[in-house]
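Below are some notes for a colleague who has not seen this structure before. They are set out as numbered points, to be read beside the model.

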Amino acid sequence: MSEPKNYFAPGRVNLIGEHLDYNGGLVLPTAINLGVKLSYGKRNDEKIVFRSATHPFTTSINVSDELEYSAYQDWANYPIGIIHHLKKEGISLNGSELTYESNLPEGAGLSSSAAVEVVTAFALLGQSQSQINKVWLANFCKEVENNFIGVKCGIMDQYAVALGKKDYALLIDCNELTHDYIPVELNDYRLVIMNTQKPRSLIHSKYNERKTECEEALKKIKSAKPETENLANASPIYLDIIGDEVLRKRAKHVITENLRVKESVKALRYNDLSTFGRLMNASHASLRDDYEVSGIELDTLVEEAQKTNGCLGARMTGAGFGGCAIAILHESAIDAFTQKVSDKYKAVTGLQCQMYIAETADGVREI
Ligand code: GLA
């Protein structure tokens, strides 16, 4: 085997703009300094071996094998899905040793699966191409997640993992599939990630249910205003024609959240963290009351965080139903905050939360 090459793909947190990617809206994620490292070693045969420092399961395939999803393949379904789709694109692959190491908590809504997908595609393509179009890469990995893994996610996670940039958030227009970098200058503040550590068993069915509800709400709006392109950009004056109360609430979240992203971008451009913090709080309330994707664990963390001195704002991040919340917190308050929020969380849920101080980071790269 030749000298291994190393690659890294970050996880992400979404600062604001939740459940908007599949509604044609704006999202504002940032890549973070926790992520997945991949060591690629070329072999002189047809075999691709998958190993993980974090999972005991190891497996291998041959480049010429017909590949398909199988529960038996466990975490290796992600790289196997990438290989299957690269082959469909006509890309020829060598035998290799792929060894993964992650410091991203899994199943916590920080995009560990997108990181595995993106780092795998980036490393494998990197053996034959000197320039990789990262927007293409993000789309490609999303297709793998949708069609091989079977999760009907939007584009946000793979996009953020591929195109993140240190000190910036990525403003993605999910309708146009374009992006812009928005400076994140936290000065004496820090981005805190609070992990509920709640297992998220129903997440995929609940996620798909919200997606269908949004499609239904859009249909109703289109019946009155056919030129409406997507739900995120629909005018709030059409909310009342939706009729069904649940669908109206889902649409209200989507439409108001899109406006909050626009306000947040302005606030961040002016380095106005207090306004941004208030928008985060409003986003959480909307996800809790109208979109109904938070739950007792996320609400407890967020409400306790919001009450704590030095915290400018807090909200759940990602799909919800467990997973993580984020807060913007003054650095002098970190110790007291951690103690107070963890104690309250334990008392209410019986669970121990985990806290990370995250830094913004660059997207996928060779290291
Ligand atoms: C998950 C999905 C994303 C996005 C978020 C909610 O992370 O993978 O595509 O829909 O939920 O904003």
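1. Helix α8 passes helix α9 in a right-handed crossing; a crossing is right-handed if the near helix is turned clockwise from the far one by less than a right angle, and left-handed if anticlockwise. Helix α8 covers residues 296-307, and α9 covers residues 334-349. The two pack at an angle of about 145°, with their axes 9 Å apart. Axes here are lines fitted to C-alpha atoms, for helices over the stretch in contact, and the angles run from 0 to 180 degrees between N-to-C directions. Helices (H or I, at least four residues) and strands (E, at least two) are DSSP runs, numbered from the N terminus.

2. The model is predicted: local features need pLDDT of at least 70 and side-chain atom pairs count only at pLDDT 80 or more, while totals for chains, interfaces and linings use all residues. Residues are numbered from 1 along each chain as its sequence is written, and side-chain values use heavy atoms, with hydrogens and water left out.

3. On the α8 side, the contact with α9 is made by Ile296, Glu297, Thr300, Leu301, Glu304, Ala305 and Lys307. On the α9 side it is made by Phe337, Lys340, Val341, Lys344, Tyr345, Val348 and Thr349. Contact means heavy atoms within 4.5 Å. By class, the residues of the contact of α8 with α9 divide into seven nonpolar, two polar and five charged. Ala, Val, Leu, Ile, Met, Phe, Trp, Tyr, Cys and Pro count as nonpolar, Asp, Glu, Lys and Arg as charged, and the others, Gly among them, as polar.

4. Buried means under 20% relative accessible area, exposed over 50%, and partly exposed in between (1.4 Å probe, protein chains only). With neighbours within four places in sequence left aside, Glu304 is in contact with Lys340, Val341 and Lys344.

5. Helix α3 passes α4 in a right-handed crossing. From α3, Lys134, Val135, Leu137, Ala138, Cys141, Lys142 and Glu145 meet Gln158, Tyr159, Ala162 and Leu163 of α4. This contact of α3 with α4 has seven nonpolar, one polar and three charged residues.

6. Eight of the eight residues of α4 are buried, so this helix is largely enclosed by the rest of the structure. Among them are Met156, Asp157, Ala160 and Val161.

7. Ile149, in helix α3, counts as buried at 14% relative accessibility. Apart from neighbours within four places in sequence, Ile149 is in contact with Tyr69, Asn77, Tyr78, Glu117 and Val144. The C-alpha atoms of Ile149 and Gly24 are separated by 22 Å, and the two residues are 125 residues apart along the chain.

8. Ser264 lies in helix α6 (residues 245-269) and is buried at 0% relative accessibility. Ser264 and Gly17 are 9.5 Å apart in space, C-alpha to C-alpha, although 247 residues apart in sequence. Beyond neighbours within four places in sequence, Ser264 has contacts with Ile16, Leu28, Phe276 and Leu279.

9. How many aromatic pairs does a search of the whole structure find? The search finds seven. Rings of Phe, Tyr and Trp (its six-membered ring) pair if their centres lie within 6.5 Å; planes under 30 degrees apart count as stacked, over 60 as edge-to-face and the rest as tilted. The rings of Trp75 and Tyr100 have centres 5.3 Å apart and planes at 70°, so this pair is edge-to-face. Trp75 is in the loop between β5 (59-62) and α1 (77-88) and Tyr100 in strand β6 (residues 96-102), so the pair ties together parts 25 residues apart in sequence. Both Trp75 and Tyr100 are buried.

10. Most residues other than glycine have a negative phi. Asp74, in the loop between β5 and α1, has a positive phi near 50° and is partly exposed, with a relative accessible area of 40%. Gln197 has a positive phi of about 60°. Gln197 lies in the loop between β9 (189-195) and α5 (203-224), and at 36% relative accessibility counts as partly exposed.
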